[in-house]
Amino acid sequence: MDLRERYDPEDIESLLSERAYDELLAEERAFVLRHLSGKEEYDRMRAMLHHVRPDERSRIRIEEDDAVRRNVLEVFRDQQRPSWRIWLNTLAAWFAPRDVDFNWRPVLAFATLAVLIVVGVFTVREFGSNSSEPGLAEVKSVPTHDQVAPVTSTERPVQQESTDLGSIRQTVQPGVERSEASTLSENEQVRIPMEVEKTDGLAGSREDKLSGGLIIAEEEQFAAVKDAEVAMDEAQTGSATSHVVTVEELATNMTLANEAGKVRPASDGKRSAAPDVATREVNSASRSLAQDPALLNLLAAGW
Amino acid sequence: MALFGTEYGKQSDERLMELVVRGDEKAFAALYDRYSRRLLNYFYRMLWSDREKAQDFLQDLFTKLATRPQSYDAARPFQTWLFSVANNMCKNAYRHEAVVREAAIHLRNGVDRVEATGGIELDRERFRDRLDEELDKLDPDHKATFVMRFNEDMAIKEIAAVFNCSEGTVKSRIFYTLKKLAERMKEFDPKLIDHGSA
């Protein structure tokens, strides 16, 4: 048999461990001599091998630290716990991929996000305002006296009303202050009972001031009261000029009186400081005049 | 099949590793108990008899195994795969600490030369120190092969699987390592060695 088939060059370890140089067969010795210098080297290697092997096995083996075991088991436990953390490195790799071909991912994501935002804003604007839920406040246009329709559409002569007004003026006269000279027309005198009634209402209802809240109306009302006082003075002195009141003027005056009665003048405190009996009588009379249609008809007939 | 605590020791390494991949902590502990001491001493021999470094490397190795058990190649025997990982760690350590190793070798040479001049006397401790010194001078693969073969008592086939090479390569490494050691340690009388080991 060929030596190369029987002994590989690396198999000399088995020869070293099993046989001394003198014990080698001729063919084995020839094989050894092809790799070693001679008997001396063979014996040295054999002694080394025989000494190394038990020496390695008999070496004191160090013991592992218990802390190492605890640490690695703790790491294993931590690894098995579910983790929901999103690592920034992962996000960065996703937003900025190394391969340019994968840039479509963040682009697609951002484009989708932008479209969703636009659609969401559009939807809220379009359908969010149509909700039937009542709001906290509502803005309504306040009708002014110019826009109010006439109370009555009758074409009765207003002279009858002036007749009744004359009697009312006489009732009102004692309680009304006389402060200014009269330059008002008969049309303005018609306000007298209405404004007096409103004056009384001003003293009684402070809550209405908030609901109405129109300063313009208060000023107009206050001016109307002043005018009424002047008109009564004129009526007593007879200095007023005759004037035929039209239906429109009468309706406008009454509407003003009715509206003014709902609000409270800013000078309420001054005027309600010392109300007297005459004022209360005028108030009661004007209230009945404003509310009773029969009286209105009678007033119209008098004119 | 549910595994009880006493049965983990009977399972093969590969079966335990399957359980580890599924998150079985007891299987992981069984593998650690089975290989930790061997690996610790392997690191100890390979890393210049540095006990602390060996402990650190052992912990690093099993930490890798705990964090990435899927990296285990099921086609390979677990032992050879584990030692190949350990061997790669040692190679990295050799690269990083080549300067330190050279300094340690020079320092050890100076001490041993003084002692060696006192006469050739077979002393097991001295022989070990000298052997370690010479092993440190070898190529890491040759040293690792020598340690696996004679310290871990691994078969040629297993060592070949660790290094992913042929068995002939392993035998060749062993042969030339023995030849170098015998040549460099001439001062130790072979006859005395033979008597000492007998």
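Author: A helix here is a DSSP run of H or I with at least four residues, a strand is a run of E with at least two, and both are numbered from the N terminus. This is a predicted model, where local features need pLDDT of at least 70, side-chain atom pairs count only at pLDDT 80 or more, and totals for chains, interfaces and linings use all residues. Residues are numbered from 1 along each chain as its sequence is written, while chains are lettered from A and ligands numbered from 1 in the order in which they are written.

Reader: Why is helix 7 of chain A said to lie largely in the open?

Author: Count neighbours: a residue is buried if 20 or more other C-beta atoms, placed from the backbone, lie within 10 Å of its own, exposed if 12 or fewer, and partly exposed in between. In helix 7 of chain A zero of the 25 residues are buried, so this helix lies largely in the open. Helix 4 of chain A does have buried residues, including A:Y42, A:M45 and A:L49.

Reader: How many residues of each chain count as buried?

Author: In chain A, 27% of the 303 residues do; in chain B, 34% of the 198 residues do.

Reader: Why are helix 5 of chain A and helix 2 of chain B called roughly antiparallel?

Author: Angles run from 0 to 180 degrees between N-to-C directions, with axes fitted to C-alpha atoms over the stretch in contact. Under 35 degrees is roughly parallel, over 145 roughly antiparallel, 65 to 115 roughly perpendicular, and the rest oblique. Helix 5 (residues 66–80) of chain A and helix 2 (residues 25–46) of chain B pack at about 150°, axes 10 Å apart. Roughly antiparallel is therefore the label for this pair.

Reader: Which residues make that contact?

Author: Contact means C-beta atoms, placed from the backbone, within 7 Å. Among them are A:V72 and A:F76 from chain A, and B:F28 and B:Y32 from chain B.

Reader: And how many residues of chain B are in contact with chain A?

Author: 38 residues of chain B are in contact with 36 of chain A.

Methods. Two residues are in contact if their C-beta atoms, placed from the backbone, lie within 7 Å.
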